[in-house]
Structure formats: C-alpha cells, structure tokens
Amino acid sequence: MRKRISLVILYLAVGLVTSQTLPDDCLSCLRQRKDGVNRCSWKYGSYFCGKYIITPPFWHACGQKGMSFSECASDDQCSEECMKAYFSRYGERCAEQLNKPLTELTCADYIRLHDGGPDGCSKSSTIEAAEWIYFCMADINVFLLNSHNP
C-alpha cells in the first residue's frame with residue numbers, strides 16, 4: 001500500500017504540465033525557490049523584480065506584458081502571464097533539448113527553462129533547481145493528499 005501511495009505522490013509531484021496550464025502548486029514552488037519576495041534588487045549579477053525573479057531580458061522575451069517591466073514583475077497576475085508566455089515561447093526548445101515531446105514537460109523542466117534561459121534545459125547548472133522542485137511538489141501533494149484523508 002505504501003509503495004502505491006509513493007508512486008501516486010511521485011506521479012503527482014512530477015505531473016505533466018503545459019505552459020498554459022501551469023498548476024498553482026508549480027508556480028508556488030517556483031515562488032518559494034525564488035524567495036517569493038515582491039521587490040526589485042540586484043542579485044546574482046542581474047537586476048530582477050518580483051516573486052518570480054523576472055529580469056528585464058526575461059520580460060522582453062515574454063512579450064513585455066503589462067505597463068512596464070517593474071510593474072509587471074511586481075504584479076502577481078501580470079508576472080504569472082509573463083511566466084506562461086515565456087514558457088510557451090521556449091517550451092518546444094526545452095523539449096528538444098531534453099529529447100521528449102512538449103506535452104511531457106514537467107514543472108521541473110520549466111524551472112530549468114526559467115533559471116537557465118532559452119537553453120536552460122540543456123544546462124547542467126539548472127539540474128539542482130529541478131531537483132528542488134521535485135521535493136517541493138512532493139511536499140505540496142503529500143499535504144493535499146493528507147488534507148483529503150483525515
């Protein structure tokens with residue numbers, strides 16, 4: 001029984017997502033990974049804003065959503081739209097780098113794309129972030145399973 005529950009949790013944790021249907025738990029883990037602080041500052045040698053650590057080049061690549069870079073990055077709805085647009089733009093490239101269909105990309109793949117840019121899915125420097133997301137997604141899904149089974 002425990003083995004079956006573990007398999008269900010693993011499936012839920014790495015569940016297949018598309019850029020347009022990125023689940024809230026994936027976005028939540030992404031925010032946690034990025035510290036989730038809604039401010040602008042310099043870090044890692046780049047200027048970024050918002051809960052998703054959006055940089056000006058990222059904002060340009062997502063189609064310059066909203067009124068301005070800092071306003072969009074600091075607004076939850078706009079920054080989530082920007083993330084989804086970026087993932088939609090580069091998702092196929094990520095899938096090719098990972099040698100799998102676009103429909104099989106996971107939340108972990110999308111964080112590699114976020115952290116490493118358009119070629120992030122082929123960079124070994126993004127693997128640690130992907131591993132972190134697996135644990136975060138598993139924790140969220142365990143919580144959700146336990147909340148439905150008192």
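Cys-40 is partly exposed, because its relative accessibility is 30% and that class lies between buried (under 20% relative accessible area) and exposed (over 50%), computed with a 1.4 Å probe on protein chains only. The model is predicted: local features need pLDDT of at least 70, side-chain atom pairs count only at pLDDT 80 or more, and totals for chains, interfaces and linings use all residues. Residues are numbered from 1 along each chain as its sequence is written, and side-chain values use heavy atoms, with hydrogens and water left out.

**Disulfides**

- A disulfide here is a pair of cysteine sulfur atoms within 2.5 Å, and by this rule the count comes to six.
- Counting bonded cysteines along the chain, the pattern of the disulfides is 1-10, 2-12, 3-4, 5-8, 6-7, 9-11.
- Cys-40 is bonded to Cys-49, with 1.9 Å between their sulfur atoms. Cys-49 is buried, as its relative accessible area is 0%.
- The S-S torsion of Cys-40 and Cys-49 is about 115°, so this disulfide is right-handed.
- Cys-26 and Cys-107 are joined by a disulfide with an S to S distance of 1.9 Å. The torsion about the S-S bond of Cys-26 and Cys-107 is about 90°, which means that the disulfide is right-handed.
- This pair links distant parts of the chain, 81 residues apart: Cys-26 lies in helix H2 (residues 24-33) and Cys-107 in helix H6. Helices are DSSP runs (H or I, at least four residues), numbered from the N terminus.
- Cys-26 and Cys-107 are both buried.
- In the disulfide of Cys-72 and Cys-78, the sulfur atoms are 2.1 Å apart. The torsion about the S-S bond of Cys-72 and Cys-78 is about -100°, so the disulfide is left-handed.
- Cys-72 is buried, and so is Cys-78.

**Aromatic pairs**

- Rings of Phe, Tyr and Trp (its six-membered ring) pair if their centres lie within 6.5 Å; planes under 30 degrees apart count as stacked, over 60 as edge-to-face and the rest as tilted.
- By this rule there are seven aromatic pairs. One of them is the edge-to-face pair of Tyr-86 and Phe-87, at 6.3 Å centre to centre and 75° between the planes.
- Tyr-86 is buried because its relative accessible area is 3%, and the value for Phe-87, also buried, is 0%.
- Phe-87 and Tyr-110 form a tilted pair, 4.9 Å centre to centre with 45° between the planes.
- Phe-87 belongs to helix H5 (residues 76-97) and Tyr-110 to helix H6 (residues 107-116), so their pair ties together parts that are 23 residues apart in sequence.
- Both Phe-87 and Tyr-110 are buried.
- One aromatic cluster is made up of Phe-58, Tyr-86, Phe-87, Tyr-90 and Tyr-110.

Notes. Helices (H or I, at least four residues) and strands (E, at least two) are DSSP runs, numbered from the N terminus.
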